[in-house]
Structure formats: structure tokens, C-alpha cells
Amino acid sequence: MAQVRGRFASRLGFLMAAAGSAVGLGNVWGFPSQTANNGGGAFVVMYLVLAFLLAWPALMAELVIGRHGQANIVSSMSLGRGLTKRFGALAGWAGMLTASLILAFYAIVAGWLLGYTAAPVSEALGMSSAASWLTTFDFTRNVTLTAVFLGLTMAIVVGGVRGGIEKWSTRLMPVLLVLLVGLIGYVLTLPGADEGLRVYLTPQWDRIFDADLMLSAMGQAFFSLSLGVGAMLIYGSYLGPEQNLPRLGVLVTLIDVGIAFLAGLLVIPAMYAARHLGVEIFDAEGLLKSSDTLLFDTLPALFAQMGGAGDVLMVAFFALMSVAGITSSISMLEVPVSFVVERGWLGRRAATLAVGAAVMAVSLTIAANFGALFGLVIMLTTQYSQPLVALVMCLLVGWALSRHALLKEIQSGAPDIESSLFWKIWPWYVRLVCPLCIALVFAHSL
Ligand code: PHE
């Protein structure tokens with residue numbers, strides 16, 4: 001099966017795409033709200049530690065499998081032989097299914113974000129009823145916006161690795177950064193913001209080893225680095241042998257963590273600025289309101305009280321979230337699309353359409369049974385499948401690849417790696433430490 005596979009045109013292109021996959025709603029929304037609910041700065045510190053101690057080594061495992069396999073998730077994970085190989089392939093299927101299911105709910109949320117981005121614009125154009133339709137929870141509106149978001153995702157993925165994913169990630173990531181930094185600059189001047197800053201940056205040291213906090217921080221780190229669904233694997237498979245994987249992995253982790261940190265500088269002060277204006281941000285138990293309430297009620301309430309500047313702010317804020325969402329969703333869609341194409345079942349265009357339609361059907365089902373399915377699908381995919389598949393990936397790299405084969409893979413593009421600290425520690429990490437820690441998260445979620 002001599003397929004002509006796509007390949008990233010440049011190191012920068014890969015970095016933008018991989019960082020684009022990593023930076024998503026998990027960073028710009030999940031991280032700040034989890035931080036606020038878990039003792040502020042203590043969570044930040046633990047998250048940083050775990051991101052580098054655990055998530056980065058696991059990311060490396062995923063990139064190694066992908067570049068080694070030079071193929072879709074199922075073929076790349078068919079490592080070793082016999083039962084191991086079958087088991088790897090099975091886990092590959094599980095990862096692919098998880099990517100598709102995550103995309104199905106992610107697209108619903110991202111659809112809302114598009115709605116909130118467009119609402120102030122329609123309002124300004126005098127279309128008030130359109131604006132309220134865009135921001136009111138309703139089946140038709142939910143599925144319409146989901147379809148729009150999935151359509152955009154498909155339009156990018158159809159273009160392939162260079163003409164779609166790389167091109168758009170390279171364009172959109174700078175936009176994201178500019179929006180983020182601009183918004184932080186503005187929000188920090190608002191009254192009340194300084195209190196949010198204090199909450200965010202002052203670690204409550206006594207809480208730092210809190211078991212719940214550690215487990216949330218670890219889960220957050222895994223979700224945020226897009227692990228366990230093949231998104232990083234497939235991007236790794238589009239890298240040539242000349243690329244230095246350990247370095248790329250560090251950079252992706254740094255960008256991901258850096259943007260999560262910046263998002264905290266925006267969202268938490270913004271919440272306290274809203275509170276300053278009299279918007280209630282805590283629930284009856286004194287915890288922050290659930291993150292969707294904060295996102296879709298509290299912050300719009302803040303913007304609404306700010307007049308014209310508030311409208312601009314609202315558009316910028318939700319555009320930021322939408323951009324973060326789409327650079328992630330394209331990596332999810334690429335996982336099943338690359339599989340269908342490489343199996344020779346369909347060409348890229350037809351594969352994108354078919355997989356996109358299947359995902360839309362799942363989104364429709366979720367939207368039609370929202371109360372029962374939305375939370376359930378999120379829980380099953382992010383708390384169960386993701387850590388499990390990530391665990392299998394670490395085990396495959398640690399045990400199914402010989403140390404020699406592993407060194408060869410890591411060394412291509414990084415000739416001096418054999419004498420490095422990374423090489424002394426990392427193989428043990430993926431063999432033992434990562435699997436054990438992931439098992440711990442998993443056991444906890446049971
Ligand atoms: N990392 C993305 C985020 O933080 C989510 C994601 C998960 C993306 C799995 C791709 C695959 O929002």
C-alpha cells in the first residue's frame with residue numbers, strides 16, 4: 001500500500017499545528033476555572049509540575065509511535081507481534097473512537113462559542129432577534145451552530161496536512177495570541193481584577209498535595225496536551241526523520257502550559273471584575289459557579305454592563321475561544337480521516353465528508369438527549385478512554401519497542417541524545433512511572 005502521505009512543510013508548521021491541537025477549550029476555559037476551584041495558585045503549581053513530569057513524557061511516547069509508524073493510529077499502534085500487536089491495534093481503534101466522540105461534544109460547545117461571537121455583531125447590525133436566537137439554549141440553534149463549526153473543521157481538514165491543517169494553524173495561532181494578550185491587557189485595568197490576580201497567583205501551599213487537586217491537575221494536563229486519542233500521534237506521523245522529537249515535544253508542552261497560564265491571567269481577573277460589578281460568581285456553597293454558567297452567563301453579564309467596549313470585548317473573547325477550538329477540532333477529525341484514507345476506503349474529500357457526517361450524527365444524538373448524554377459522553381471520553389489509551393501508548397513504547405529501536409527513533413534528528421539526561425530517565429518514565437500514575441488517575445475516577 002504505497003500511499004503518498006502528507007508531511008509538514010516546516011518545523012514551525014508542526015509546532016503551530018501541535019500547539020494548536022493542545023491549546024483549546026481545555027486551556028482557555030478548563031484550566032482557569034479548575035484553578036479557581038482548587039485553591040488558586042496551588043493548582044497552578046501542581047499543574048505545571050505534572051505537565052512536565054508526566055504529560056510531557058507521555059506526549060513523547062505518542063509522538064514516537066506516530067513518527068515510527070508513519071501511518072494512521074491503528075497501523076502505528078500495531079507494534080510488536082501476536083497478541084501485543086492485536087491489542088495495540090484495538091487500543092488504536094479505541095483512541096480513534098474517542099477522538100470522534102470528543103469531537104462530537106466539543107463541536108456543540110464550540111458552536112455556542114460561535115454563536116456568542118456573532119451575537120454582538122448581529123445586535124450592532126440591528127438584528128436583535130437573531131442575536132437572542134444565537135445565545136439562547138435551544139435544540140435547533142444548538143445543532144445549527146454545531147453543523148457550522150463541524151463544517152469549518154471539515155473545510156480545513158479536506159485541504160490535507162499542508163494545505164489545510166498546517167496552513168490554518170499557522171494563521172490562527174498568532175491571532176489567538178494577539179487576542180489573548182490584548183484582552184489580558186484590557187481586563188487587568190478593570191476594577192476588581194487585582195483581586196482575581198491575587199487569587200490566581202497566591203498558592204495556598206497547604207492544599208498543594210491535596211489528592212483531589214493532584215488528580216484534577218493530572219487529568220487537566222492530559223486533556224490539555226490532547227493525549228490518548230491519536231491527535232498528537234497523527235501529527236507526529238507527518239514528521240520526517242530529520243526532526244528532533246524531544247525538542248519539539250518540549251516546545252509544544254511549553255506553549256500549551258504557557259497559554260493555559262496566560263488564559264488564567266485573563267479569565268480569573270475577568271470573573272472578579274464581574275463580581276465587582278455585582279455579578280454573582282459563586283454558588284451557594286461558596287464555590288465558583290459551574291464553568292458553563294460562568295462562560296455563557298457571568299462573563300456576558302460583565303460585558304453587557306460595559307457598554308460599547310463590552311461588545312468589542314465579547315466578540316474578541318469568544319472569537320479567541322472559537323479559534324482555540326477549531327485548531328483542536330481539526331486534529332481530532334484528522335485521526336479517523338487519515339485512517340479511512342490510508343485503508344484505501346475513500347479519498348480524502350469523501351473520507352472527510354463521511355466522517356464529518358458520522359460525527360454530526362453523534363452530535364445530533366447528544367443534542368437531542370442533552371441532559372442524559374452530554375455529561376456522560378464527556379465523562380466517558382475524558383476520564384476513562386483518554387487515560388486508558390494513553391496508558392496503552394506508554395506501555396507499547398516502553399515494552400513493545402526494544403530499547404535499541406526506541407533509541408534509533410529518538411536519535412534520528414537528535415544525534416546527541418544518547419548521552420543526555422532525557423535518555424537516561426525517559427525510557428523508565430514511559431515503562432513504569434507514566435503507566436502507574438495514569439492507572440492511579442483511572443482508579444480514582446472509578
Ligand atoms: N487539548 C484540547 C484542549 O485543551 C482538547 C483535545 C483533546 C484536542 C483531544 C485534541 C484531542 O481543549
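Trainee: How many nonpolar, polar and charged residues are in the shell around the ligand?
Mentor: Seven nonpolar, eight polar and no charged residues. Keep in mind that this is a predicted model.

Trainee: Which residues come nearest to the ligand?
Mentor: There are 15 residues around the ligand, and Gly24, Gly26, Ser226, Ala231 and Ser328 come nearest.

Trainee: Start with Gly24. Where does Gly24 lie?
Mentor: Gly24 sits in the loop between α1 and α2.

Trainee: Is Gly24 buried or exposed, and why?
Mentor: Gly24 is buried, because 27 C-beta neighbours lie inside 10 Å, and the cut-off for buried is 20 or more.

Trainee: What does Gly24 touch, leaving out residues up to four places away in sequence?
Mentor: Ala324, Gly325 and Ser328. Ser328 is also one of the residues that come nearest to the ligand.

Trainee: Which loop holds Gln70?
Mentor: The loop between α3 (41–69) and α4 (73–77). Gln70 also has a positive phi, about 45°, and is not a glycine. Gln70 is partly exposed, with 17 other C-beta atoms within 10 Å.

Trainee: Let's zoom out. How many helices and strands does the protein chain have?
Mentor: The chain has 18 helices and zero strands. Its radius of gyration is 21 Å, close to the 22 Å that the globule rule gives for 446 residues, so the chain is as compact as a globular protein of that length. The C-alpha trace spans about 60 × 50 × 40 Å along its principal axes.

Trainee: What share of the residues count as buried?
Mentor: 51% of the 446 residues. As for contacts with a separation of 6 or more, 83% are between residues 24 or more positions apart.

Trainee: What about the largest nonpolar core? How many residues does it have?
Mentor: That core has 152 residues. Ala55, Leu59, Ala221, Cys394 and Val397 have the most contacts inside it. Helix α5 (residues 82–124) gives the largest share, 20 residues.

Trainee: Which residues is Val397 in contact with, beyond neighbours within four places in sequence?
Mentor: Ala61, Val64, Ile65, Leu406 and Val430.

Trainee: Now helix packing. At what angle do α7 and α8 pack?
Mentor: Helix α7 (residues 139–158) and helix α8 (residues 160–187) pack at about 115°, with their axes 5 Å apart. Ile156, Val157 and Val158 of α7 meet Gly164, Ile165 and Trp168 of α8. By class, that contact has five nonpolar residues, one polar and no charged.

Trainee: One more. Which helix is Thr382 in?
Mentor: Helix α16 (residues 370–400). Thr382 is buried, with 23 other C-beta atoms within 10 Å. From Thr382 to Asn38 the C-alpha separation is 19 Å, and the two are 344 residues apart along the chain.

Technical notes: Residues are numbered from 1 along each chain as its sequence is written. This is a predicted model: local features need pLDDT of at least 70, side-chain atom pairs count only at pLDDT 80 or more; totals for chains, interfaces and linings use all residues. A residue is near a molecule or strand if its C-beta atom, placed from the backbone, lies within 6 Å of it. Ala, Val, Leu, Ile, Met, Phe, Trp, Tyr, Cys and Pro count as nonpolar, Asp, Glu, Lys and Arg as charged, and the others, Gly among them, as polar. Helices (H or I, at least four residues) and strands (E, at least two) are DSSP runs, numbered from the N terminus. The radius of gyration is taken over C-alpha atoms; the globule rule is 2.2 Å times the number of residues to the power 0.38. A residue is buried if 20 or more other C-beta atoms lie within 10 Å of its own, exposed if 12 or fewer, and partly exposed in between; C-beta atoms are placed from the backbone. Two residues are in contact if their C-beta atoms, placed from the backbone, lie within 7 Å. A nonpolar core is a set of buried Ala, Val, Leu, Ile, Met, Phe, Trp, Tyr and Cys residues joined through C-beta atoms within 7 Å. Axes are lines fitted to C-alpha atoms, for helices over the stretch in contact, and angles run from 0 to 180 degrees between N-to-C directions.
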